[in-house]
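Here's a quick briefing to read alongside the model. Keep the sequence and the 3D view open as you go.

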Amino acid sequence: MTSNDPYLVFNREDVTDKQVDTLIGLCKGIAADGVVNQKEAEFLQGWLAANEITIQSNPVTANLLSRVNDMLSDGVLDRDEAQDLLAALRSFAGDTPESGEFLKTTGLPVDRPEPEIEFSERQFCFTGTFAYGARSQCVNLIESLGGTHARTVTLKLDYLVLGVYVTPSWAHEAFGRKIEKAMYYRDDRGRNIAIISEKHWRAQAEARSG
């Protein structure tokens, strides 16, 4: 289907509604077992790409396409990305996890008070689902301020940033491993790793970049 298709030109709203309905069904099906695997992510990416003309007319579905493309840009859907995608699919489809509504990061072990953030030559790791955008957008922002990105939590890490949307059962999810490891390094090993919220990180990053 091309943008010159007369059916699409004159019936765009109807086509878009049908595509979104179909996409909601796909999201519900993929998320039904609580796991998103590589083949499911690739199938979803292919479907979104095939319907990109109408999908792009809706900012919500366009964001989903952008996220999936970003997650699969290296050809591998890792555990954190799989968890992020599961949360995005549930949110888009109007479903909630077994434990209930999504919680904000105020219920997580972030530093209190949250510290002033230094960006230049500091190492950041991101976990969870971010309202700011895809993981690559978060990485681009810190790199523009002189920071570096780490895919995992190590003793060299300076900041672990928690995405604004997490599930109540965070300790049992993939992104919970990063939180637990950072807490161990911080509390038991005496390493100065700051665990901060997306809201705090974003406010300071945008203030510096503005």
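This is a predicted model: local features need pLDDT of at least 70, side-chain atom pairs count only at pLDDT 80 or more; totals for chains, interfaces and linings use all residues.

Residues are numbered from 1 along each chain as its sequence is written, and side-chain values use heavy atoms, with hydrogens and water left out.

**Overall fold**

- The protein chain has 9 helices and 4 strands, where helices (H or I, at least four residues) and strands (E, at least two) are DSSP runs numbered from the N terminus.
- Reading from the N terminus, the order of elements is α-α-α-α-α-α-β-α-β-β-α-β-α.
- Of the 210 residues in the protein chain, 46% are buried (buried is under 20% relative accessible area, exposed over 50%, partly exposed in between, with a 1.4 Å probe and protein chains only).
- Take the contacts (heavy atoms within 4.5 Å) between residues at least 6 apart in sequence: 77% of them join residues at least 24 apart.

**The cavity**

- Searching the whole structure turns up 1 cavity of 30 Å³ or more. On a 1 Å grid over the protein atoms alone, a cavity is a set of points where a 1.4 Å probe fits but cannot get out, and a pocket is an open set with protein on both sides within 12 Å along at least five of seven lines; lining residues have an atom within 4 Å of a point.
- The largest cavity holds about 80 Å³ of space, a volume being the space filled by probe spheres set on the grid points, which are joined across faces, edges and corners.
- Its lining includes Arg 67, Asp 70, Met 71, Glu 81, Asp 84, Phe 130 and Arg 135.
- By type, the lining of the largest cavity splits into 3 nonpolar, 3 polar and 5 charged residues (Ala, Val, Leu, Ile, Met, Phe, Trp, Tyr, Cys and Pro count as nonpolar, Asp, Glu, Lys and Arg as charged, and the others, Gly among them, as polar).

- The largest pocket comes in at about 420 Å³.
- It is lined by 19 residues, and those closest to its centre are Asp 78, Asp 80, Arg 135, Arg 151 and Lys 178.
- Elements giving two or more residues to the lining of the largest pocket are α5, α6, α7 (135-144) and α8 (174-187), with α8 giving the most, 4 residues.
- The lining of the largest pocket has 4 nonpolar, 4 polar and 11 charged residues.

**Aromatic rings**

- There are 7 aromatic pairs in the structure. Rings of Phe, Tyr and Trp (its six-membered ring) pair if their centres lie within 6.5 Å; planes under 30 degrees apart count as stacked, over 60 as edge-to-face and the rest as tilted.
- Phe 119 and Phe 124 are a stacked pair, 5.4 Å centre to centre with 15° between the planes. Phe 119 counts as buried because its relative accessibility is 2%, and Phe 124 does so at 0%.
- Phe 130 and Trp 201 pair edge-to-face, 6.2 Å centre to centre and 85° between the planes.
- That pair ties together distant parts of the chain, 71 residues apart: Phe 130 is in the loop between β1 (123-127) and α7, and Trp 201 is in helix α9 (residues 198-209). Both Phe 130 and Trp 201 are buried.
- Phe 126, Phe 130, Tyr 132 and Trp 201 make up one aromatic cluster.

**Arg 208**

- Arg 208 sits in helix α9 and counts as partly exposed because its relative accessibility is 39%.
- Beyond its neighbours within four places in sequence, Arg 208 is in contact with Glu 116, Ile 117, Phe 119 and Leu 145.
- A polar atom of the Arg 208 side chain lies 2.9 Å from the backbone oxygen of Ile 117.

- Arg 112 and Pro 113 are joined by a cis peptide bond, with omega about -5°, and Pro 113 lies in the loop between α6 and β1.
- Glu 121 also lies in the loop between α6 and β1. Its phi is near 60°, a positive value in a residue other than glycine.
- Glu 121 is exposed, since its relative accessible area is 69%.

Definitions and conventions: A polar contact is a pair of N or O atoms within 3.5 Å; within protein, one must be able to donate a hydrogen and the other to accept it, and residues adjacent in sequence count only if both atoms are side-chain atoms.
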